[in-house]
Amino acid sequence: MSDTSPEGMRRAIEQNLWESWLALCTSSRVEVTDSEAMIRFATGLPLPPFNAVMRTRLDQRSADRAIEETAAYFAGKKLP
């Protein structure tokens, strides 16, 4: 890491968080979707921190649909 500006530090912290959660991919019990639009994961545990969306890159045209689809995904699994 060479950018120690506030923005650089924010990016580094976010990247670390994403990569930590993506490490869950190694478990057969965890579903992770890592796409250009978002990172989404579901562990099956009924606790919000363990079923989430991170790093979204949605534009105004696709945001509402992506949110609805993601809410339906978690609801279908009976997860928060």
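Rings of Phe, Tyr and Trp (its six-membered ring) are taken to pair if their centres lie within 6.5 Å, and planes under 30 degrees apart count as stacked, those over 60 as edge-to-face and the rest as tilted. The views below come from a predicted model, in which local features need pLDDT of at least 70 and side-chain atom pairs count only at pLDDT 80 or more, whereas totals for chains, interfaces and linings use all residues. Residues are numbered from 1 along each chain as its sequence is written, and side-chain values use heavy atoms, with hydrogens and water left out.

**View 1. The aromatic pair of Tyr-73 and Phe-74, with Arg-40 over one ring.**
By the ring rule, the count comes to one aromatic pair. The rings of Tyr-73 and Phe-74 have their centres 5.1 Å apart and their planes at 70°, so the pair is edge-to-face. Tyr-73, at 16% relative accessibility, counts as buried, a word that here means under 20% relative accessible area, while exposed means over 50% and partly exposed lies in between (1.4 Å probe, protein chains only). Phe-74 is also buried, with a relative accessible area of 8%. Arg-40 lies over the face of Tyr-73, at 3.6 Å from the ring centre; a charge is said to sit over a ring if NZ of Lys or CZ of Arg is within 6 Å of the ring centre and within 35 degrees of the ring normal.

**View 2. The whole chain, for orientation.**
The protein chain has two helices and three strands, where helices (H or I, at least four residues) and strands (E, at least two) are DSSP runs, numbered from the N terminus. Read along the sequence, these elements follow the pattern α-β-β-β-α. The C-alpha trace spans about 45 × 35 × 20 Å along its principal axes, and of the 80 residues of the chain 24% count as buried. Among contacts (heavy atoms within 4.5 Å) between residues at least 6 apart in sequence, 31% join residues at least 24 apart.

Helix α1, which runs over residues 6-22, has 17 residues and reaches 24 Å from its first C-alpha to its last, close to the 24 Å expected at 1.5 Å a residue; the expected span is 1.5 Å times one less than the number of residues. The buried residues of α1 are Gly-8, Trp-18 and Leu-22. An α-helix has 3.6 residues a turn, so residues three or four places apart point the same way.

**View 3. Asn-51 and its polar contacts.**
Asn-51 is placed in strand β3 (residues 51-54) and is buried, with a relative accessible area of 5%. A polar atom of the Asn-51 side chain lies 2.5 Å from the backbone oxygen of Leu-45, and the backbone nitrogen of Gly-44 lies 3.4 Å from a polar atom of that side chain. A polar contact is a pair of N or O atoms within 3.5 Å; within protein, one must be able to donate a hydrogen and the other to accept it, and residues adjacent in sequence count only if both atoms are side-chain atoms. Leaving aside neighbours within four places in sequence, the residues in contact with Asn-51 include Phe-41, Phe-74, Leu-79 and Pro-80.

Ala-37 is in the loop between β1 and β2, and Leu-58 is in the loop between β3 and α2 (60-76). Their C-alpha atoms, 21 residues apart along the chain, are separated by 5.8 Å, whereas Ala-37 and Gly-8, 29 residues apart in sequence, are 22 Å apart in space, C-alpha to C-alpha. Ala-37 counts as partly exposed at 28% relative accessibility, as does Leu-58 at 29%.
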